Amino acid sequence: MHRALLIPEVFLEIFAHVNQILNPSSTGEKALARKSIAALARTCKTFHEPAMDLLWSKVDQLEPFLGCVTRLHPLIYHRGSRWDNTWSKGVEPLSAYEARQFLRHSARVHSLNVQSDHFFHLLSDIPIEKCVFPRLRSLTWKLSTGKYMNLFLSRTLNRCSLFTINQDLKNIVTRCAALEDLSIKKLNFDANTADELSLLSDSVRLCKQLVTLSCPPLDWAAWEHLSNLPSLVRVGVRDVQIRGAPPWSLERDVACPTQFLNVTTLSLQVYSAGYIVAVMQHSQFPSLTELKIETDLLSSEEADQFFRALSNCKACQTLQQLEITIISFGPRSGHQGGPLTAIPHLLCFTQLQILRLVCRFSYIYLDNDLLLEATSNWTHLRTLEIEGSCLHPSTITFCGLFTALRLCSHLHTLRVLIDPANTNIGPNKIQHTSLKTVDFDTLSPIANTADVARIIFNALPCVDQVNRFTMHTKEWDEVNRHLKYLKAVALHVAGPASSL
């Protein structure tokens with residue numbers, strides 16, 4: 001063996017290259033990487049230990065550990081096939097000796113995904129108060145019960161993802177003082193949900209070093225506690241995903257705004273806009289760079305209150321990405337709501353680079369003058385997507401659009417509702433060379449597809465086609481055919497000229 005391979009930094013770099021997975025969702029690519037690392041472990045004594053550390057550092061299920069038990073190996077890997085959930089039925093629990101076989105590689109594990117408990121009865125003789133994965137840093141627990149969870153609660157655990165809320169949550173945050181990343185998904189609404197959310201808030205108040213938190217709605221005491229964590233950077237609140245669940249309220253008797261000094265990313269997916277309004281009215285986020293919101297708005301008054309609260313969250317000079325999805329606007333009667341006047345409230349966010357506004361059952365009001373005012377405030381924009389119902393006529397013309405685009409020299413993605421009838425672009429002769437992706441929705445039919453294609457060809461030279469259109473599909477197909485022809489002709493003419 002070459003002497004260079006005796007240097008730990010060298011062979012660890014080789015192992016990292018072998019373990020590189022370009023597509024994490026590809027099971028075949030993962031399997032190939034693991035087989036390659038296993039082969040390295042069998043190569044020589046020098047490679048064995050570091051390769052085994054890497055091979056066992058991330059485990060998606062517990063069966064590989066049980067496969068180390070001599071008695072269980074043929075049950076789990078019978079006929080070379082992958083295990084299923086029936087192999088452990090009627091199997092006796094592990095003996096003390098077999099428990100040591102089961103835990104042979106447990107000290108190497110840094111990340112573990114527990115998806116099934118059908119074999120937990122095999123672990124009944126292992127003291128459940130003892131953690132047997134001493135170096136575990138990341139735990140994903142997809143079970144509804146917390147039984148045997150103590151086996152996995154390492155003092156080094158800094159990331160935990162749960163799919164239920166129960167009394168074990170307080171035990172987790174108490175035992176794992178190093179916890180930095182906590183994710184809790186409550187998938188179903190039931191009679192116990194209110195009590196569980198109260199337990200969640202109580203448990204969150206026990207966390208001292210959180211950097212990232214993703215969970216169902218919290219009470220205000222928990223929000224206040226989070227504001228006192230200087231380590232907190234990312235917060236996500238996601239509602240129980242069942243329609244008909246009662247809206248969660250948030251106490252409003254707050255003396256002064258709560259400051260989240262270091263939070264840069266905030267995501268609020270809560271059906272009750274009142275909850276979001278309360279959070280934004282009583283909180284300040286002076287470091288916020290990314291804000292994502294998904295909610296319902298029941299009236300124009302609530303919409304106005306909602307957007308006013310956003311503009312007062314003290315992020316006007318820092319916010320770079322804003323994504324708002326209004327699931328429904330107005331009473332849920334199935335009728336189209338009136339216009340949503342959101343954009344004037346957002347003009348204060350002068351550092352915006354990405355803005356996505358979606359209102360699925362109404363439309364977001366935007367005309368030429370308002371678009372020009374917006375782009376004069378949002379000069380750093382790279383992505384602008386305004387998506388509403390296509391059942392309302394647009395008041396943006398090509399002339400108004402190109403006038404506004406001159407103020408956004410970095411814009412590369414655009415989605416707006418446009419009026420294609422007026423093809424007069426006036427004195428606009430400047431090409432917008434950064435814009436590459438365009439989506440024009442329209443209610444009105446396109447009278448002259450050739451003229452529209454010529455406008456796009458002359459003003460937007462880097463746009464090859466209009467994407468994701470939802471209305472008048474045939475007309476937009478024709479526009480794209482004309483645009484393709486114009487580009488082909490231009491390329492043909494430029495070919496001979498460029499060779500001179």
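You're looking at a predicted model, where local features need pLDDT of at least 70, side-chain atom pairs count only at pLDDT 80 or more, and totals for chains, interfaces and linings use all residues. Residues are numbered from 1 along each chain as its sequence is written, and side-chain values use heavy atoms, with hydrogens and water left out.

**Whole protein.** Colour by secondary structure and you get 16 helices and 18 strands (DSSP runs: H or I of at least four residues for helices, E of at least two for strands, numbered from the N terminus). Of the 500 residues, 47% are buried, meaning under 20% relative accessible area with a 1.4 Å probe, protein chains only.

**Ser227.** Select Ser227 next, in helix α9 (residues 220-227). Ser227 counts as buried because its relative accessibility is 15%. Its side chain comes to 2.5 Å from the backbone oxygen of Glu224. Now show contacts (heavy atoms within 4.5 Å): leaving aside neighbours within four places in sequence, Ser227 touches Thr258, Gln259 and Phe260.

**Helix α11.** Jump to residues 300-311, the twelve residues of α11. From first C-alpha to last, α11 reaches 17 Å, close to the 16 Å expected at 1.5 Å a residue (1.5 Å times one less than the number of residues). Show side chains for its buried residues: Glu302, Ala303, Phe306, Phe307, Ala309, Leu310 and Ser311. An α-helix has 3.6 residues a turn, so residues three or four places apart point the same way.

How values were computed: Buried means under 20% relative accessible area, exposed over 50%, partly exposed in between (1.4 Å probe, protein chains only). A polar contact is a pair of N or O atoms within 3.5 Å; within protein, one must be able to donate a hydrogen and the other to accept it, and residues adjacent in sequence count only if both atoms are side-chain atoms.
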